[in-house]
Amino acid sequence: MPHLFDPLEIRGVALRNRIGVSPMCMYSSSDGFANEWHMVHLGARAIGGAALVLTEATAVEPRGRISPQDLGIWSDNHIQPLKEITQFISGHGAIPGMQLAHAGRKAGTSPPWEGNQPLNDNNGGWTPVGPSNIPFNKNHREPNELNLEEISEITSSFSDAAIRAKESGMQWLELHAAHGYLLHQFLSPISNTRDDQYGGTFENRIRLTIETVQSIRNVWPDNYPLAIRLSTTDWIEGGWTVEDTIKLVHILKELGVDLIDCSSGGSSPNASIPRGAGFQVPFAERIRRETEMTTAAVGFITEPMQADEIIRNQRADLVLLGREMLRDPYWPQRASRELDQRDNIAIPSQYNQAEK
Ligand SMILES: Cc1cc2nc3c(=O)[nH]c(=O)nc-3n(C[C@H](O)[C@H](O)[C@H](O)COP(=O)(O)O)c2cc1C
């Protein structure tokens, strides 16, 4: 029976345990560049014992940023500062990974501490793009509907970003197709009302995600995992459903996707989401069972016993922690103590004295 401190091997990459840092925007970059904040923030979580340290949603083009302060990887110049971070993370036994993202119609908003508000051209915003010209809500700007040429350029931006991620030392990629951002906007009938080959039927709505996965897998090394974060349900009538997710996962599996990170929601402000402890775990469990795909569970996972139960009962293969990792970068170390797994976690030599 696997447990929280068992290793997990996917392709050529070995995770030292089943704990990952969920992607979290830090709103701390200028022009997409990683800096000391990202080094300390991500580095601390590698020292803390997580097996997988994922960057925040990293934009594949400038207009794909959620906020102007997001991390980006649309130019070769972004590689060097990331390299220093990945070297540090790998040097402490964790796997550095990047979440590649495009925010689509939800792009160009202020950081949460400035209200998460859509920005206008005078205060740093830009006109967002999307599958259709439907704004996310009445405060959001109306997106420009992407034409076929622009869609193909976006697919290329994702694969160019994957090449740069490899150059910067990332060993794991997660494609962000959740939370109402661009790929999810194409998947969901809530945001996609196109009548060409990218809209309408299920096969058409999944096309951009499929093409993006193919373009990334073509350039991303065979021995490195490719994961995808999906909103497994829109939580709203007429939206994307768990059944849709399961159909899509069967296809993604054939295309070389290795893990489904099972999140939910984000496509509509009117969705009513029953948030609570482990509320998305049943999605990871069902998708794992029905598709035999490796899954990650995320959302309101805070307690070591809770995380261990998810792995032991094979409801998911990996747990990703978001806010709990902000509260405590040493959560994996704490969990190893609580679960009597102290021999199964690396304590940095510099901190050994505290173990005596
Ligand atoms: C500050 C913050 C930033 C986030 N940024 C991202 C992001 O960049 N990409 C993403 O997929 N999810 C993002 N999320 C969602 C988290 O990855 C996670 O799915 C969510 O917080 C639920 O997990 P939790 O209950 O452990 O926090 C963010 C969450 C927080 C709190």
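Helices (H or I, at least four residues) and strands (E, at least two) are DSSP runs, numbered from the N terminus. The model is predicted: local features need pLDDT of at least 70, side-chain atom pairs count only at pLDDT 80 or more, and totals for chains, interfaces and linings use all residues. Residues are numbered from 1 along each chain as its sequence is written, and side-chain values use heavy atoms, with hydrogens and water left out.

Two strands count as paired if DSSP finds at least two bridges between them. From E10 the chain crosses through helix H8 (residues 281-291) to E11, in a right-handed β-α-β crossover. A crossover is right-handed if, with the strands pointing away from the viewer, the path from the first strand over the helix to the second runs clockwise. Buried means under 20% relative accessible area, exposed over 50%, and partly exposed in between (1.4 Å probe, protein chains only).

E11 also pairs with E12, in the parallel sense and over 3 bridges. Here Val-298 stands opposite Leu-320 in E12. The chain passes from E11 through H9 to E12, and this β-α-β crossover is right-handed.

These strands belong to a closed barrel of 8 strands, which runs E3-E4-E5-E8-E9-E10-E11-E12 with parallel pairing. Neighbouring strands of this sheet are turned by 25° against each other on average, direction ignored. Axes are lines fitted to C-alpha atoms, for helices over the stretch in contact, and angles run from 0 to 180 degrees between N-to-C directions. Strand E9 (residues 226-231) pairs with E10 in the parallel sense over 5 bridges. The bridge partner of Leu-230 is Cys-262 in E10. Helix H2 (residues 79-91) packs on the sheet, touching strand E4 (52-59) and strand E5 (95-101). The direction of H2 makes about 140° with that of E5. Helix H7 (residues 242-254) lies across E9 and E10 and runs at about 170° to E9.

Helix-helix packing was examined for H3 (residues 148-167) and H6 (residues 207-219). Their axes come within 8 Å and cross at roughly 35°. The crossing is right-handed, that is, the near helix is turned clockwise from the far one by less than a right angle. Contact means heavy atoms within 4.5 Å. H3 contributes Ile-151, Thr-155, Phe-158, Ser-159, Ala-162 and Ile-163. H6 contributes Leu-208, Glu-211, Thr-212, Ser-215, Ile-216 and Val-219. By class, the contact has 7 nonpolar, 4 polar and 1 charged residues. Ala, Val, Leu, Ile, Met, Phe, Trp, Tyr, Cys and Pro count as nonpolar, Asp, Glu, Lys and Arg as charged, and the others, Gly among them, as polar.

In helix H11 (residues 331-338), Trp-331, Pro-332, Gln-333, Ala-335 and Ser-336 are buried. The buried residues of H11 pack against strand E3 (19-21), helix H1 (36-47), helix H9 (304-312), strand E12 (318-321) and helix H10 (323-327). Just after H11, Asp-340 takes a positive phi of about 60°.

Positive phi also occurs in loops. His-179, not a glycine, has a phi of about 55° and lies between strand E8 (172-177) and helix H4 (182-187). At 23% relative accessibility, His-179 counts as partly exposed. Gln-314 has a positive phi near 55° and sits in the loop between H9 and E12. Its relative accessibility is 39%, so Gln-314 counts as partly exposed.
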